[in-house]
Amino acid sequence: MTTPFPDISISTERLMLRALEPADAPALAEMMNDEQVAAWTAVPQPYTEAAAREWISAYAPTERAAGRGLDLAITEFLTQRLVGVIQLARTDWRVRSTEVSYIVAPWARGEGYASEATLATAHWLFRDQGFERLELRTAADNTASQQVAQRIGCISEGVLRGACIARSRTDDGTWVDLRTDFIIWSLLPEDLEGVADQVSDTGYSAFADWS
């Protein structure tokens, strides 16, 4: 049995998490063309505004309605500027578990946005939606994303050997695939006890299925 995710917004002291909107397409495309995003994710390169519009208008609404996942813009509360995106995917409604991924724009890294947005999402899932488990996968060499997982209270559960494809740019400017490991992290409701609302980070997690 699956349940559609609600069309919601989540507020923190500094951030508003909301559905992606057509006006986000230029900033979203710019963010997705960042070198670090290209290295640690499967986002097509180059990433066009047309692809961003397709994600916003078709992919995200379909995933939410089908109960498979949820895609939210991370925006600054005061300026409404797009600073990142957070995604829930691989949702299992019987187990009440889902996987979280996130990207933060290059100019916004180091401000704690990935941790703040992920914690807010976790609180909403556990308290309002009755979820019991949140998963996170990070590439073995993606130390920035691993630090985010640790700061929000995630527990490392093990390694999926050779399960991740990262990318590296060659001298001629092309991208080549590099096989590496996935580190699996989990967050349960009890893990949030004592976790600070504001934590520092730089952030983007590795993921495979973003449109």
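Entry 1, ring cluster. I found Phe 5, Trp 93 and Phe 131 linked into a cluster by ring pairs. I counted rings of Phe, Tyr and Trp (its six-membered ring) as a pair if their centres lie within 6.5 Å, with planes under 30 degrees apart as stacked, over 60 as edge-to-face and the rest as tilted. The structure holds three aromatic pairs. In the pair of Phe 5 and Phe 131 the centres are 6.2 Å apart and the planes are at 20°, so I logged the pair as stacked. Phe 5 sits in the segment before strand 1 (10-11) and Phe 131 in the loop between helix 4 (113-128) and strand 6 (133-139), 126 residues apart. Helices (H or I, at least four residues) and strands (E, at least two) are DSSP runs, numbered from the N terminus.

This is a predicted model, in which local features need pLDDT of at least 70 and side-chain atom pairs count only at pLDDT 80 or more, while totals for chains, interfaces and linings use all residues. Residues are numbered from 1 along each chain as its sequence is written, and side-chain values use heavy atoms, with hydrogens and water left out.

Trp 93 and Phe 131 are edge-to-face, at 5.1 Å centre to centre and 70° between the planes. Trp 93 lies in the loop between strand 4 and strand 5, and Phe 131 in the loop between helix 4 and strand 6, so this pair ties together parts 38 residues apart in sequence. I checked burial (under 20% relative accessible area is buried, over 50% exposed, in between partly exposed; 1.4 Å probe, protein chains only). Phe 5 is buried at 1% relative accessibility, Phe 131 is buried with 1%, and Trp 93 is buried.

My criterion was NZ of Lys or CZ of Arg within 6 Å of the ring centre and within 35 degrees of the ring normal. Arg 96 lies over the face of Phe 131, at 5.2 Å from the ring centre. Arg 81 lies over the face of Trp 107, at 3.6 Å from the ring centre.

I searched the whole structure for disulfides (cysteine sulfur atoms within 2.5 Å) and got zero. The cysteine sulfur nearest to Cys 154 is that of Cys 164, 17 Å away, too far for a bond. Cys 154 is buried at 10% relative accessibility, and Cys 164 is buried at 3%.

Which residues of helix 1 (residues 25-32) are buried? I listed Ala 25, Leu 28, Ala 29, Met 31 and Met 32. They cover an arc of only 160° around the axis, which puts them on the same side of helix 1.

Key
Arc of directions from axis to C-beta.
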